Amino acid sequence: MNPARDITIESEDRLRADLYNFIGLILSAPPDQLLLDQCINLSGDDSNLGKAVRSLSRVARVTKPKKVESEFNALFIGLGRGELLPYASYYLTGFLNEKPLATLRSDMASRGMVRAANVYEPEDNIASLMEMMGGMIVGRFGTPAELADQRQFFNKHIAPWAGHFFSDLEAAKNSILYASVGSVGRAFIEIEREAFRMTAA
């Protein structure tokens, strides 16, 4: 047995990774009934994040896969383009495939992250970035990333724009289920931003 791989992930960090992965999954493709059922079974507390999770559960209860597929397409695909362009380059520069994407690719390479062969979207889309953070926390790309490394990646690639994107998702004309996803994402990003700020002190 390799002792270097015998690493215990704290329960709080596993929950963080699970939420990053969940947000990434629901933003990468329209949820099927199984994922909608998982949303229905979510429960929250009286925090902003907990209230957003409860709202997502309520909306998922009355959402059908066919309806949410139309919503997803209107938001992210559309005829020519969707209502929102969920890419760091676009939010930070106004254009796709700009410097933020090149910087991300360099940081991915240094961490052993590679784009999946069946994924054609630019790597700086919000779904991929959420999955990268989740993977870094639990060690999907090697050993779990130190908190300082997580903070650096978050502050460089997610913090400057993700909150703005999730607010746009909450307010988007075509958002129904995804308005609740936006609320969950925005609340979670605020928690992460504050937690990283406190650990940097």
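Let me start with Ile26, which touches Pro31, Leu35, Cys39, Phe72, Leu177, Tyr178 and Val181, leaving aside residues up to four places away in sequence. Contact here means heavy atoms within 4.5 Å. This is a predicted model, so local features need pLDDT of at least 70 and side-chain atom pairs count only at pLDDT 80 or more, while totals for chains, interfaces and linings use all residues. Residues are numbered from 1 along each chain as its sequence is written, and side-chain values use heavy atoms, with hydrogens and water left out.

Ile26 sits in helix α1. Helices are DSSP runs (H or I, at least four residues), numbered from the N terminus. Ile26 counts as buried because its relative accessibility is 0%; buried means under 20% relative accessible area, exposed over 50%, and partly exposed in between, with a 1.4 Å probe and protein chains only. From Ile26 to Glu121 there are 95 residues in sequence and 15 Å in space, C-alpha to C-alpha.

Helix α1 (residues 11-28) packs against helix α7 (residues 126-138) at an angle of about 155°, and their axes are 8 Å apart. Axes are lines fitted to C-alpha atoms, for helices over the stretch in contact, and angles run from 0 to 180 degrees between N-to-C directions. The two helices, α1 and α7, are therefore roughly antiparallel. On the cut-offs, angles under 35 degrees count as roughly parallel, over 145 as roughly antiparallel, 65 to 115 as roughly perpendicular, and the rest as oblique. The crossing of α1 and α7 is left-handed, a term used if the near helix is turned anticlockwise from the far one by less than a right angle, with right-handed for clockwise. Residues of α1 in this contact include Asp13, Arg14, Tyr20 and Leu27, and among those they meet in α7 are Met130, Glu131 and Ile137. By class, the contact of α1 with α7 has 11 nonpolar, five polar and four charged residues. Ala, Val, Leu, Ile, Met, Phe, Trp, Tyr, Cys and Pro count as nonpolar, Asp, Glu, Lys and Arg as charged, and the others, Gly among them, as polar.

Next, helix α10, which has two packing partners to go through.

With α3, the axes come within 8 Å of those of α10 and cross at roughly 160°. That makes α3 roughly antiparallel to α10. The crossing of α3 and α10 is left-handed. How many charged residues does the contact of α3 with α10 have? It has no charged residues, against 12 nonpolar and four polar.

With helix α9 (residues 162-171), the axes come within 7 Å and cross α10 at roughly 155°. Here too the result follows from the angle: α9 and α10 are therefore roughly antiparallel. Their crossing is left-handed. Among the residues in contact are Gly163, Phe166 and Glu170 in α9, and Tyr178, Ser183 and Arg186 in α10. The contact of α9 with α10 divides into seven nonpolar, five polar and two charged residues.

Ser183 belongs to α10 (residues 177-200). Leaving out residues up to four places away in sequence, Ser183 touches Ala52 and Glu170. Ser183 and Gly163 lie 20 residues apart in sequence and 9.7 Å apart in space, C-alpha to C-alpha.

Back to α3 (residues 48-61), for Ser57. Is Ser57 buried or exposed? Ser57 counts as buried, at 7% relative accessibility.

Last, the aromatic residues. Rings of Phe, Tyr and Trp (its six-membered ring) pair if their centres lie within 6.5 Å; planes under 30 degrees apart count as stacked, over 60 as edge-to-face and the rest as tilted. By this rule the count is 10 aromatic pairs. One of them is Phe72 with Phe76, edge-to-face, at 5.0 Å centre to centre and 65° between the planes. Phe72 and Phe76 are separated by about one helical turn, because they are four residues apart in helix α4 (residues 65-76). Phe72 is buried, with a relative accessible area of 6%, and Phe76 is buried at 15%. The rings of Trp161 and Phe165 have centres 6.1 Å apart and planes at 55°, so that pair is tilted. Both Trp161 and Phe165 are buried. They belong to one aromatic cluster made up of Tyr90, Tyr91, Trp161, Phe165 and Phe166.
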